Amino acid sequence: MSHPAPYPVRLADEITRQLGQLTDHLSQLPPPQAAQVIARVLDPDSGVLGGVTHLVATGSVFAKAQAERGALPAQVWLALGRASNELHDITLDLDEHKDTLQRVGTQPATTAAKPPAPAPLVVRRHR
């Protein structure tokens, strides 16, 4: 007889399922609504990305303690710490664009007779 998964494991599974649903909805939303959703997801304080970043940082603290006990290889702790740092940097980079996304999300659908000119895409170099 199998034991039911503990609540935190079920919660992680449910969050993953809901993220999939949100992704499906996002791909079908009109641009203003999609921009609103993206702005909320990217919010560093109360958004999904900030929450995931905090979760990975907490996992890194756990992994460090377990690595110090010898229960986990140090590489696990180092990988989680690196992921946490990179997510934090990404969160800061994307936070710069939150206001723009919110503004796009609140504009009426027909704001101008002439559509805005498309912006050229810029490729960023890795640091």
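Predicted model: local features only at pLDDT ≥ 70, side-chain atom pairs only at ≥ 80, totals over all residues.
Residues forming the contact are Pro32, Ala35, Gln36, Ile38, Ala39 and Leu42 on the H2 side, and Lys98, Leu101, Gln102, Val104, Gly105 and Thr106 on the H5 side. Sorted by class, the contact of H2 with H5 comprises seven nonpolar, four polar and one charged residues. Helix H2 spans residues 31-42 and helix H5 residues 98-106; the two pack at an angle of about 150 degrees, and their axes lie 7 Å apart. Because angles over 145 degrees count as roughly antiparallel, H2 is roughly antiparallel to H5.

Lysine 98, which takes part in the contact with H2, is located in helix H5. The relative accessible area of lysine 98 is 15%, and since a value under 20% counts as buried, the residue is classed as buried. When residues up to four places away in sequence are not counted, lysine 98 touches Ala39, Asp43 and Pro44. Of these, Ala39 is also listed among the H2 residues of the contact with H5.

The crossing of H3 and H4 is left-handed. From H3, the contact draws on Leu49, Val52, Thr53, Val56, Ala57, Gly59, Ser60, Ala63, Lys64 and Ala67; from H4, the contributing residues are Ala74, Val76, Trp77, Leu80, Gly81, Ala83, Ser84, Leu87, His88, Ile90, Thr91 and Leu94. The residues of the contact of H3 with H4 fall into 14 nonpolar, seven polar and one charged.

For the protein chain as a whole, the secondary structure consists of five helices and zero strands, and the order of elements from the N terminus is α-α-α-α-α. The chain has 127 residues, of which 17% count as buried; lysine 98 is one of the buried residues. The accessible surface of the chain amounts to about 10300 Å², with 62% belonging to carbon and sulfur atoms. Among contacts between residues at least 6 apart in sequence, 56% join residues at least 24 apart.

Definitions and conventions: Residues numbered from 1 in each chain as written. Heavy atoms only, no water. Left-handed = near helix turned anticlockwise from the far one by under 90°. Helix = DSSP H or I, 4+ residues; strand = E, 2+ residues; numbered from the N terminus. Contact = heavy atoms within 4.5 Å. Nonpolar A, V, L, I, M, F, W, Y, C, P; charged D, E, K, R; others polar. Buried < 20%, exposed > 50% of the residue type's maximum accessible area, 1.4 Å probe, protein only. Areas by Shrake-Rupley, 256 points an atom, 1.4 Å probe, with all protein chains shown as cover. Axes fitted to C-alpha atoms, helices over the stretch in contact; angles between N-to-C directions. Parallel < 35°, antiparallel > 145°, perpendicular 65-115°, else oblique.
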